[in-house]
Amino acid sequence: MSMIVRRLSRAATAGLVAAAALTAAAHSAEAADTLGSAAAGQGRYFGTAVAASHLGESDYAATLDREFSSVTPENEMKWDATEPSRGSFTFTSADRIVDHAQSQGMDVRGHTLVWHSQLPSWVSPLGAQDLRTAMNAHINGLMGHYKGEIHSWDVVNEAFQDGGSGTRRSSPFQDKLGDGFIEEAFRTARAADPAAKLCYNDYNTDGVNAKSNAVYDMVKDFKSRGVPIDCVGFQSHFNSNSPVPSDYRHNLQRFADLGVDVQITELDIEGSGSAQAADYTKVVEACLAVSRCTGMTVWGVTDKYSWRSGGTPLLFDGDYNEKPAYGAVLSALGGSGGPGDPGDPGDPGDGASCTATYTRTADWSSGYNGQVTITAGAEPISSWTATVTLPAQQSVSSLWNGTPTWSGNVMTVRPSWNGTLAAGASTSFGFTAAKNGSDAAPTVGTCTAS
Ligand code: XIL
């Protein structure tokens, strides 16, 4: 009964959710200075795992709301959390996360429906037929409750054995239902919420190896037989024992070439400083290089709540300060400070602007000193160009704090040392002109910035 009420009320809020998402999208187009908005500029989402218990911490919520465009409940949608006893569903904590995400216009990834871990104790003893019924009922219970609200579901998680063999992992599902349980779960999931993308999710499948080959073969088989699968999730938990593979991009691409989207679903990289930042850059660049890599999720907001907190694997430290890895990710996504940024000399354009104003600072009968003040617009800039057109008779005898090139009586001035300006900051160049009979003022043309 309570589930039905909840379902109706979730559906009733759907219009509001759509409006919030539009607001977020409009906002993100303006300033690519957060992970979510920078990723949106690349047509991707940038998400994080979230724990409901931390949402009341203001720094946690503020960082989450500012930076991320997608959330994955870290534990709250798992079987033990949602169906602790058979047939009785509890959505309180998961709803808190979904409601919070929707209020911020964020997408939600559903994690996870069928997994050997975090299973309540009543599942394992079931006989085959009963287990099949329970599995399908669980999928229907979760997906029904959140129908239309989940961007992508991890339908099956970690079903392949680690190590060299590429075989299936032992689990109640595998052991009692056989290889077909994955296909059955996907078919049930498709019927339960046809709008959700259905993903297979796993770890140590990030590079080409026996395990990822086995997943690859399964996806290929599913696609050839019309089993409904839309995406493959690559957890991407990295550390010195399991570094970012050199063929990461190639591996993502070969899956994409099967006709599925790929997503980086649980990214964290143990380490610190520039080495950690460089590894994060590799991952983001790999995703951006694969057009079907639709988004990335880091496995937590802050190091202090990471499941691997000792390895400080995330983008914000325990005090919510941005780590070097944060800047590296933002930059790789084309946000402020990196390629695509208005301040990046290699990539002029988007948002960079400046204004140029002229004043006469000294005057005498045969000449004058002019000064042009360059002021950066709302974005920091790393270079500027201003044109100054002099009356035909006049000539410039010297110029300082700028580098001129000439075309007739139009001088184009670029910075000598003073190209970099913070948002709203100013610099100036000056020149001495001979009047040669004309006391008219020069005209300053449009200032352009990059
Ligand atoms: C982890 C959570 O982060 C922990 O809080 C929990 O104690 C155990 O599970 N692969 C997955 C995730 O798919 O669900 C796991 O999350 C990490 C590994």
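Here are some notes on helix packing, a cavity and a few local features in this predicted model.

1. Ground rules. Because this is a predicted model, local features need pLDDT of at least 70 and side-chain atom pairs count only at pLDDT 80 or more, while totals for chains, interfaces and linings use all residues. Residue numbers start from 1 along each chain as its sequence is written, and side-chain values use heavy atoms, with hydrogens and water left out.

2. Start with H12 and H13. Helix H12 covers residues 273-289 and helix H13 covers residues 324-332; their axes come within 8 Å and cross at roughly 25°. That makes H12 roughly parallel to H13. (Helices, H or I of at least four residues, and strands, E of at least two, are DSSP runs numbered from the N terminus. Axes are lines fitted to C-alpha atoms, for helices over the stretch in contact, and angles run from 0 to 180 degrees between N-to-C directions. Under 35 degrees is roughly parallel, over 145 roughly antiparallel, 65 to 115 roughly perpendicular, and the rest oblique.)

3. What touches what there? On the H12 side, look for Gly273, Gln276, Ala277, Tyr280, Thr281, Val284, Glu285 and Leu288; they meet Pro324, Ala325, Ala328, Val329 and Ala332 in H13. Contact here means heavy atoms within 4.5 Å. By class, this contact of H12 with H13 has nine nonpolar, three polar and one charged residues. (Ala, Val, Leu, Ile, Met, Phe, Trp, Tyr, Cys and Pro count as nonpolar, Asp, Glu, Lys and Arg as charged, and the others, Gly among them, as polar.)

4. Next, H7 and H9. Helix H7 (residues 128-145) packs against helix H9 (residues 180-192) at about 35°, with the axes 9 Å apart. H7 brings Arg132, Met135, Asn136, Ile139, Asn140 and Met143 to the contact, and H9 brings Phe181, Glu184, Ala185, Thr188, Ala189 and Ala192. Those residues divide into seven nonpolar, three polar and two charged.

5. Then H10 and H11. The axes of helix H10 (residues 210-225) and helix H11 (residues 248-256) come within 10 Å and cross at roughly 15°, so H10 and H11 are roughly parallel to each other. Ser212, Asn213, Val215, Tyr216 and Val219 of H10 meet Asn251, Arg254 and Phe255 of H11.

6. How many cavities of 30 Å³ or more are there? The count comes to one, and the largest cavity holds about 60 Å³ of space. (On a 1 Å grid over the protein atoms alone, a cavity is a set of points where a 1.4 Å probe fits but cannot get out; lining residues have an atom within 4 Å of a point. Points are joined across faces, edges and corners, and the volume is the space filled by probe spheres set on them.) The lining includes Trp115, His116, Glu158, Arg169 and Phe181. Strand S4 (152-157) and helix H8 (172-177) are the elements that give two or more residues to this lining.

7. Most residues other than glycine have a negative phi, and most peptide bonds are trans. Glu158, in the loop between S4 and H8, has a positive phi near 55°. The peptide bond from His111 to Thr112 is cis, with omega near 0°, and Thr112 lies in strand S3 (residues 107-114).

8. Finally, Ala441. This residue sits in the loop between strand S16 (426-434) and strand S17 (443-449). Ala441 and Tyr358 are 83 residues apart in sequence, yet 9.0 Å apart in space, C-alpha to C-alpha. Leaving out residues up to four places away in sequence, Ala441 touches Tyr358, Arg360 and Pro391.

Key. 1 Å grid on protein atoms, 1.4 Å probe; cavity = no way out; pocket = protein on both sides within 12 Å on 5 of 7 lines; lining within 4 Å.
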